[in-house]
Every structure is written in structure tokens, then in C-alpha cells.
Amino acid sequence: MEFTRIMREITHRALLEKDSQDMPSEWKNVIHHWRNNLADMIAEAFHPDKEYRKSTIGYWEENLDQLLAAGAPSELLIEQVCSFREEAAESLRDMAKQNGWEDEIYEQWDRQFHKTTDDIICWTSEKASTMMRRRLLAAEAKVKMLSIPIIRVSDEIAVISLVGDLDTKRTNDLMEKALQYGASRSLNCMVIDLSGVEFIDTRIAHELLRTVKAIKITGMSVKLTGIRPEIAQTFVKLGVNLNDIQVFSSLHQVL
């Protein structure tokens, strides 16, 4: 039997019978193209040449990558595969009956067909998960960069202007970024502006002072500015000695 020809007839018949139903309009064209490739790939899974099968799968996976990168929802793609699978499996049963296939042949084809669709669902899920992880890591890196903004205002001075709440992770990021930025640019002074920070508890105050000390150890001087009354009270309660740190009322005064 011409395995691939018969399976292509089955898969494309299923494709036509279930074409683009209940699909968001913005994805109809791209997913229609992807479904055509899917129908061909399932048919080629029955090709006797192993290398040929691999090349077909590789082309389809590339198309899948493009779809996911464009933002196509993975759950929509998997739903399409499952729906397509039901239609094609039914067509396969009908063809087996019409042509009087032996049970052994039909069962062999049926196993291969379902194994292929299982693999497709797994690949789609894995690729979507990988792409999601990459996006999350990229977003996290961007948030980290934006949460600790450093502006170089002269050859020797840079300003870190903090806004919002501080926690242990953010103060650790502050130390890491300040040290790396200062060392890579040979700065002499780092100004930490706290005017956008409304509250600091005792634990974060300790972390902040630890950061100041670490920056000073590298040879840079540190200037604090924009300390609110509430933050000043926290420093007083801690008995913090700020004699070694220059403190200014505003960033304008520092500059």
C-alpha cells in the first residue's frame, strides 16, 4: 500500500471537514497554514525513509516555533491537534472498513497515527513551556534593570533613584548592580536617592547600610539623599551612625 498517499488523503479530508471552526479570527490564516503542514507531517510519519520523516518533522517544528513566537496560544494549537486527531482517526477507521484491511494492518496504522499525534502534543507543550520560560527570564531581567535605575551624571558620579517598596531581593540587586556599574565605569561617587521610598523597616535599613558599606569598600564615596522623616526615625531607632555617610536633603543639593 502507498502509506503516505493514503494517510495524506485521510488527514487532508479531516482538515477540510474541521477547518477553522471556533477559532479566533486573528489566528485563522496562520493556523490554517500550520494545520496543512500538520496534515502533511502526520502522513509523512508513515513514510518508510526515516531521514525523510525527520526532515518533515523539522520543517513542521520550525513552523510551530514561528507561531508560538508570534503569540499564538499553545492551548489553541493543542486543541486543534486533538480535534484534528478525532476526525482523522475516524476517517482512518472508515477507510479500513471500506477497503477491507486486515485487523493487524489497521491496528498497526492506528498505533502509529496516535503515537505521532501524542508526540505532536508533547512537542507543542514543551516548546510553549520553553518559550514561556525565556520570556519570563527576559521580563525578569528587564524589571530588575528598571527597578534599580542608574544614571551617570558625570565622568565620576552616578545616581541611583529608588522608587517604591524595598525588600531583601531588591536591596541585594541594588548592591550587585551598584558595585558592577561603579567598577566597570571607574566611578568615584554613588548617590542613592531615597525620595521615592516611603517606608523602610529595620531589616531593610540594615540591608541598605550593608550596601553602602560594600560600595565604600570598593573605593567609591556614597551620598544619601531624599530621606523621609519616617526613614530617618528608623535609622535613629537603629542607632545608626551616619557620620561616615554624607546625607543631603535633595538630589538637587547633591548635584
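Mentor: Happy to. Let's begin with a charge and a ring: the charged end of Arg185 lies over the ring of Tyr181, 3.8 Å from the ring centre. Keep in mind that this is a predicted model.

Trainee: Nice. And how many aromatic pairs are there?

Mentor: The count comes to one aromatic pair.

Trainee: Okay, salt bridges next. How many does a search of the whole structure find?

Mentor: Five salt bridges turn up. One of them joins the side chains of Asp65 and Lys127, at 3.3 Å from N to O. That pair links distant parts of the chain, since Asp65 is in helix α3 and Lys127 in helix α5, 62 residues apart.

Trainee: What does Lys115 pair with?

Mentor: Lys115 makes a salt bridge with Asp119, and their closest N and O atoms are 3.2 Å apart. The two are four residues apart in helix α5, so about one helical turn separates them. Lys115 is partly exposed at 49%, as is Asp119 at 26%.

Trainee: And which residue meets Glu207?

Mentor: Arg210, in a salt bridge of 2.7 Å from N to O. Both sit in helix α7, three residues apart. Here Glu207 counts as buried because its relative accessibility is 17%, under the 20% cut-off, while Arg210 is partly exposed at 39%.

Trainee: Switching topic: which residues touch the most other members in the largest nonpolar core?

Mentor: Met7, Trp34, Leu38, Leu92, Trp101 and Phe113, out of 35 residues in that core. Helices α1, α2, α3, α4 and α5 each supply at least two of its residues, and α4 gives the most, with nine.

Trainee: What does Phe113 touch?

Mentor: Leaving out residues up to four places away in sequence, Phe113 touches Met7, Ile42, Phe46, Arg85, Ala88, Ala89 and Leu92. There is also a second, separate core of 27 residues, with Ala178, Met190, Leu194 and Ala205 among them.

Trainee: Last one: where is Thr234 found?

Mentor: Thr234 is in helix α8, which covers residues 229–238, and it counts as buried at 10% relative accessibility. Its side chain reaches the backbone oxygen of Glu230 at 3.2 Å. Beyond four places away in sequence, Thr234 touches Ile200, Asp201, Thr202 and Ala205. You'll remember Ala205 from the second core.

Conventions:
Residues are numbered from 1 along each chain as its sequence is written. This is a predicted model: local features need pLDDT of at least 70, side-chain atom pairs count only at pLDDT 80 or more; totals for chains, interfaces and linings use all residues. Side-chain values use heavy atoms; hydrogens and water are left out. A nonpolar core is a set of buried Ala, Val, Leu, Ile, Met, Phe, Trp, Tyr and Cys residues joined through side-chain atoms within 4.5 Å. Buried means under 20% relative accessible area, exposed over 50%, partly exposed in between (1.4 Å probe, protein chains only). Contact means heavy atoms within 4.5 Å. Rings of Phe, Tyr and Trp (its six-membered ring) pair if their centres lie within 6.5 Å; planes under 30 degrees apart count as stacked, over 60 as edge-to-face and the rest as tilted. A charge sits over a ring if NZ of Lys or CZ of Arg is within 6 Å of the ring centre and within 35 degrees of the ring normal. A polar contact is a pair of N or O atoms within 3.5 Å; within protein, one must be able to donate a hydrogen and the other to accept it, and residues adjacent in sequence count only if both atoms are side-chain atoms. A salt bridge is a side-chain nitrogen of Lys or Arg within 4 Å of a carboxyl oxygen of Asp or Glu.
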